[in-house]
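Please look through the model shown below with its sequence alongside.

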Amino acid sequence: MGGFIFRGFEMDISGIMGFALMICMTLLVYKIKVSLGILFMTLPVIAGFLSGFSMAEMSLYILKGIENVILVALMFATAILFFGILNETGTFTAIITKIAGRFHLTRKNIFLMTVFVSAIAHLSGSGAVSYLIVITTCKSIYNENKIPLTNLMCLSSLTFGVMNMLPWAGPCGRLAGVLNTDPVSIWRLCIPSQIFGILMVCVIACILSNYQKLSDIDSLSENNCKQCIARNKPILIQQSRKKRCLSVGIMTIIIILLIITRISSWIVFMMGLSVISIINLKEVKKMELMKYIKSAGIMAGTVLASGVMVGVLTQSSMLTSMSEMISGLLPVSMREHIRILLGVLANPISWIMSGEVEIFGFMPIAAKIASECQIAVEVTAAAFLIPYSAVIFVLPMTVSVHLGLSLCGVSLREHIRQTYLWTLFLSITMLGFAIIIGILPY
């Protein structure tokens, strides 16, 4: 592969084309709003041919890349359908209503309730579904007590961000695909920081509650709370109490299996989907599952399309060349800490670069440089995911954020002003916690 020297620095053509690929992807995502699937399939092919790779080489790279991500695509598809059935049968809403109804409505408890119900809602891994469940459940409570809905949007978004480390939520699966590893292996490293992050959001809720005056809040009873929830409770498929308990049990078992066993995540979700479908066989016939099937198809298609990019980057000399160019610019002492550097920058840099570009463009480079220092790819992935997750539901590029803003009647500017500094706090504290307890050795 050809290269040249510029001011004493060796530059390989494939590495240059790799960086050009990242720049083009960033510009197209932000300026033209092109589908990610189309970008993943076209830009790497163009960059590969311009780098001098033959048709036979490109075909081999692409085939290998798709092979690496196909199980991740299957995991996403089965997880979306699994949680879709749980959502349609009202499993999440039933749990949340039960939790919310047990809260004595004090100023602090309303805010803490928002955190708890948001954590449960985002087990589905879908931002849109989570906003619909939480806001329809909590909005009337906030309105009746004259609490600004910016607080509801803030606390739910912060909680969704922390919960978004889940393997089926999006970023974790994409990281696994591009780094050719199991998403659950990345998530296991994130779990302590995820738990710590939820505790930090509870602290934030307590701080915010001290600044919010409620009118006659202590006069409200638990019954009033239930009435508020009932008025906004979505219409769901009727399900017997026994089936609902079974559904909750199966969801719990699935999550436990993902944490404590080494069974592939797609197999776990496939089993869960089969069992939950059999239990709710009569209800499934009445469900509007097409939206979940469409969502599963889009997600799986995007992941498979990303296999083209993964293959061209990782199977060719492109990734090696890009890594060598970055390594040449970094001091030797900093190379083994690149994952921490990337983690520190993950939150602020997300405002100028899409998460997909960060994950598919820079994470393979960081992982390769770190691997030369005997750092596992899962550790590098976790170092990025832990701080990045906190900011996801404040970014304008996150489509579901606009749904939440619409439901709350809050502007994006208000949301950013209320929430962004808290995301920085979460990113720093969660990353710091992971380093202190040794998950991300410094």
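Because Phe 384 and Tyr 388 are 4 residues apart in helix α19, about one helical turn separates them; helices here are DSSP runs of H or I with at least four residues, numbered from the N terminus. An α-helix has 3.6 residues a turn, so residues three or four places apart point the same way. The model is a predicted one, in which local features need pLDDT of at least 70 and side-chain atom pairs count only at pLDDT 80 or more, while totals for chains, interfaces and linings use all residues. Residues are numbered from 1 along each chain as its sequence is written, and side-chain values use heavy atoms, with hydrogens and water left out.

Phe 384 and Tyr 388 form a stacked aromatic pair, at 4.9 Å centre to centre and with 20 degrees between the planes. Rings of Phe, Tyr and Trp (its six-membered ring) pair if their centres lie within 6.5 Å, and planes under 30 degrees apart count as stacked, over 60 as edge-to-face and the rest as tilted. Both Phe 384 and Tyr 388 are buried, where buried means under 20% relative accessible area, exposed over 50% and partly exposed in between, with a 1.4 Å probe and protein chains only.

By this rule there are 15 aromatic pairs. One of them joins Tyr 131 and Phe 393, whose ring centres are 6.1 Å apart and whose planes stand at 75 degrees, so the pair is edge-to-face. Because Tyr 131 lies in helix α6 (residues 127-144) and Phe 393 in the loop between α19 and α20, the pair ties together parts that are 262 residues apart in sequence. Tyr 131 is buried at 0% relative accessible area, and Phe 393 is buried at 3%.

Ring pairs also link Phe 82, Phe 83, Trp 168, Trp 187 and Phe 269 into a cluster. Trp 168, Trp 187 and Phe 269 are among the residues with the most contacts inside the largest nonpolar core, which has 142 residues; such a core is a set of buried Ala, Val, Leu, Ile, Met, Phe, Trp, Tyr and Cys residues joined through side-chain atoms within 4.5 Å. Helix α3 (residues 55-88) gives the most to this core, with 14 residues. Leaving aside neighbours within four places in sequence, Trp 187 is in contact (heavy atoms within 4.5 Å) with residues including Met 165, Pro 167, Cys 172 and Ile 259.

Leu 426, also listed among the residues with the most contacts in the core, is one of the buried residues of helix α21. The buried residues of α21 pack against α7 (149-163), α9 (183-209), α17 (338-349), α19 (377-389) and α20 (399-408). A kink of about 40 degrees in α21 is centred on Thr 419, the bend at a residue being the angle between axes fitted to the seven residues ending there and the seven starting there. Just after α21, Gly 438 takes a positive phi of about 90 degrees.

How many disulfides does the structure hold? There are 0, a disulfide being a pair of cysteine sulfur atoms within 2.5 Å. The sulfur of Cys 206 lies 7.0 Å from the closest cysteine sulfur, in Cys 202, which is too far for a bond. Cys 206 counts as partly exposed at 23% relative accessibility, and Cys 245 is partly exposed with a relative accessible area of 48%.

Definitions and conventions:
Helices (H or I, at least four residues) and strands (E, at least two) are DSSP runs, numbered from the N terminus.
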